[in-house]
Amino acid sequence: MALSKSDKKIFFSGYGRTLQMETSSRRIAWNGMPLVLGYPVVWNKNGVLVSESDWFSTLNILFNPGSVPGHRLRTITLDAGHGGNDRGASGKFSKEKDITLKLTRRVADILTACNYRVHLTRSKDVTLTLKERTARQRAAGSDLFVSIHVNASPNKSAAGIETYCLTPADAPSTVGKFLLQKNPANRFDVNNFALACRLQHFMVKKTGAVNRGVRRARFAVLRDIAAPGVLIEIGFISNAAEEKLLNNPFYMENLARGIAAGIVSYHDNLAPRRY
């Protein structure tokens with residue numbers, strides 16, 4: 001790949017792929033998808049310097065997609081965010097808990113048709129704690145976990161889809177304060193990120209939504225599961241236009257197909273398993 005630098009911008013391009021970085025910044029873009037590293041990029045006489053953590057948990061996966069460890073993928077747990085007494089975010093005429101459940105059921109139908117076994121943490125409007133959700137994933141022994149949520153913001157113009165995976169061990173999250181402290185991750189760091197990228201790509205491709213990229217956080221439902229997993233925010237219910245889309249059957253069908261396509265693509269691109 002070719003390397004060029006302009007002011008604070010650093011560009012890599014070649015083989016149909018592009019990577020844009022900015023010196024002294026954590027923000028990058030891979031083929032137009034926004035990403036946030038754990039640590040700022042440095043440029044000096046030796047070239048581009050990134051942290052070891054960012055190389056192994058992010059950049060190496062992007063440059064070498066075939067390096068993602070293979071694993072069994074037969075059963076998938078889908079987690080419809082909120083439910084019961086916890087309605088989640090609310091818009092003008094709809095609630096997060098209802099949108100996530102309807103979408104989760106449709107994704108389950110599509111994945112079942114693709115010969116996966118699908119386990120739902122909830123199949124109706126019931127209240128579940130975070131511990132109950134992760135416990136149900138572990139009890140099911142599923143091989144993948146996807147938690148589905150709807151976003152909200154005081155900024156009514158905020159829009160788009162974003163995907164979260166667990167922050168790597170001892171690295172700062174991309175939400176909240178920049179904290180350097182000891183924190184656990186799980187053994188699926190590489191798979192978590194690869195799954196997040198595939199899902200984000202296909203959800204945006206199928207819907208045309210604003211691409212808010214892949215981010216990292218230590219959410220309990222990601223931290224305490226026993227499989228690769230992500231949490232997706234499918235749009236902003238606080239945005240009038242997006243609330244309409246989140247209740248539009250045609251749009252939601254495309255979104256469901258995007259989620260399923262992302263999972264299948266992740267599965268298809270896993271490295272051969274080593275026995």
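Me: Which residues line the largest cavity?
Reply: Arg26, Val36, Leu37, Gly38, Asp54, Ser57, Pro168, Ala171, Pro172, Thr174 and Arg216 line the largest cavity. This is a predicted model, where local features need pLDDT of at least 70, side-chain atom pairs count only at pLDDT 80 or more, and totals for chains, interfaces and linings use all residues. Residues are numbered from 1 along each chain as its sequence is written, and side-chain values use heavy atoms, with hydrogens and water left out.

Me: What counts as a cavity or a pocket here?
Reply: On a 1 Å grid over the protein atoms alone, a cavity is a set of points where a 1.4 Å probe fits but cannot get out, while a pocket is an open set with protein on both sides within 12 Å along at least five of seven lines. Lining residues have an atom within 4 Å of a point. A volume is the space filled by probe spheres set on the points, with grid points joined across faces, edges and corners.

Me: How much space lies in the largest cavity, and what classes are in its lining?
Reply: About 40 Å³. The lining has five nonpolar, three polar and three charged residues. Ala, Val, Leu, Ile, Met, Phe, Trp, Tyr, Cys and Pro count as nonpolar, Asp, Glu, Lys and Arg as charged, and the others, Gly among them, as polar.

Me: How many cavities of 30 Å³ or more does a search of the whole structure find?
Reply: Two. The second largest cavity holds about 30 Å³ of space, and its lining is Leu35, Val36, Thr58, Phe193, Val214, Arg215 and Arg216. The largest share of that lining, three residues, comes from strand E12, which spans 211–217. Helices (H or I, at least four residues) and strands (E, at least two) are DSSP runs, numbered from the N terminus.

Me: Switching to packing. How many residues does the largest nonpolar core have?
Reply: It has 55, and Leu103, Ile234 and Ile259 have the most contacts inside it. A nonpolar core is a set of buried (under 20% relative accessible area, 1.4 Å probe, protein chains only) Ala, Val, Leu, Ile, Met, Phe, Trp, Tyr and Cys residues joined through side-chain atoms within 4.5 Å. H7 gives the most to this core, with eight residues.

Me: Last one: which residues of H3 are buried?
Reply: Arg133, Thr134 and Gln137, in a helix that covers residues 130–140. They sit on the same side of H3, because they cover an arc of only 90 degrees around the axis, taken from the directions from the helix axis to the C-beta atoms. The face turned away from that side carries Lys131 and Ala139, which are exposed (over 50% relative accessible area).
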